[in-house]
Amino acid sequence: LYKSAVSDKFYAFINSKNGDVEQWELLAASNQTIDAELVRTFKVGLQTEGCVADDELGYFYIGEETFGIWKYFAEPNYPMDRKLVADTTEPYLAQDIEGLTIYYAEKGKGYLIASVQGLNTYAIYERSGKNKFVGCFNISESAGIDGAEETDGIDVINLALDARFPNGFFIAQDGYNQYDGKDTTQNFKIVPWENIAKAFAKP
């Protein structure tokens, strides 16, 4: 989803296994339901995966699973120029790029985060400017809870929620899960944001 800071309009982006993307404007219908109008279509490349839009800065990011992370203008009437944030030739960004999410901070700061399924890690980029690479982290076993592997979807929130999450949290789908030493169904792992921030030399 994307809310335009230019027009206050709402949009939904939909992508497919063959690399096609559709952008739909969401409209209030007379019967108190939501209607939609197709406003743009474009081709990314091969199979696409996670995508996320930056409501404040007006960008749309999408992962091409075996190639890299692309950056587009989110406004449907802006040029179709795109930039490559990073590709899978980078040692920290192996194949199987999956989920994408944005951690919002003040004055355009914050982070773009990508799930790197091929390495069981998560890559962090600056949200502003040229999306400079910051580093990677993984979710390892802690307090008897197994880590996260084979992650598809991710999300992050920057709001203080309660005493456990005073700075928000990062959540990741765990595709390979164990309980009492036995394989079981997949679940989700939640990590307090400060645990991730403090893992870097410069928090």
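User: Two strands count as paired if DSSP finds at least two bridges between them; how many bridges join strand 13 to strand 14 in this predicted model?

Analyst: The model is a predicted one, and in it strand 14 covers residues 169-174 and runs antiparallel to strand 13. Within this pairing, Val-156 stands opposite Phe-170 of strand 14. The number of bridges that join strand 13 to strand 14 is four.

User: In which order do the three strands of the open sheet follow one another, and which strands stand at its edges?

Analyst: The three strands form an open sheet with antiparallel pairing, and their order is 13-14-17. Neighbouring strands of this sheet are turned by 20° against each other on average, with direction ignored. Two of the strands have a single partner strand each, so one side of each is left without a neighbour in the sheet, and these edge strands are strand 13 and strand 17.

User: Is strand 6 largely enclosed by the rest of the structure or left open, and how many of its six residues are buried?

Analyst: Burial is taken here as under 20% relative accessible area, and strand 6 spans residues 59-64. Strand 6 is largely enclosed by the rest of the structure because the number of its six residues that are buried is five.

User: Which residue of strand 6 is the bridge partner of Cys-51?

Analyst: Strand 5, residues 48-54, runs antiparallel to strand 6 and is joined to it by five bridges. The two strands form a hairpin with four residues between them, where Gly-58 takes a positive phi near 80°. In strand 6, the bridge partner of Cys-51 is Ile-62.

User: Which residue of strand 7 does Tyr-59 stand opposite?

Analyst: Strand 7 comprises residues 68-73 and pairs with strand 6 in the antiparallel sense over six bridges. These two strands also form a hairpin, with three residues between them. The residue of strand 7 that Tyr-59 stands opposite is Phe-73.

User: How far apart are the closest N and O atoms in the salt bridge of Lys-9 with Glu-25?

Analyst: Lys-9 lies in the loop between strand 1 and strand 2, whereas Glu-25 belongs to strand 3, and the pair links distant parts of the chain, 16 residues apart. Lys-9 counts as partly exposed at 36% relative accessibility, while Glu-25 is buried with a relative accessible area of 12%. The closest N and O atoms of the two residues are apart by 4.0 Å.

User: Are the partners in the salt bridge of Asp-146 with Lys-189 buried or exposed?

Analyst: The closest N and O atoms of Asp-146 and Lys-189 are 3.1 Å apart.

User: How many salt bridges does the count come to, and which residues are linked in a network?

Analyst: With a side-chain nitrogen of Lys or Arg within 4 Å of a carboxyl oxygen of Asp or Glu taken as the rule, the count comes to seven salt bridges. The residues linked in a network of salt bridges are Asp-54, Glu-56 and Arg-127.

Technical notes
Residues are numbered from 1 along each chain as its sequence is written. This is a predicted model: local features need pLDDT of at least 70, side-chain atom pairs count only at pLDDT 80 or more; totals for chains, interfaces and linings use all residues. Side-chain values use heavy atoms; hydrogens and water are left out. Buried means under 20% relative accessible area, exposed over 50%, partly exposed in between (1.4 Å probe, protein chains only). Two strands pair if DSSP finds at least two bridges between them. Axes are lines fitted to C-alpha atoms, for helices over the stretch in contact, and angles run from 0 to 180 degrees between N-to-C directions.
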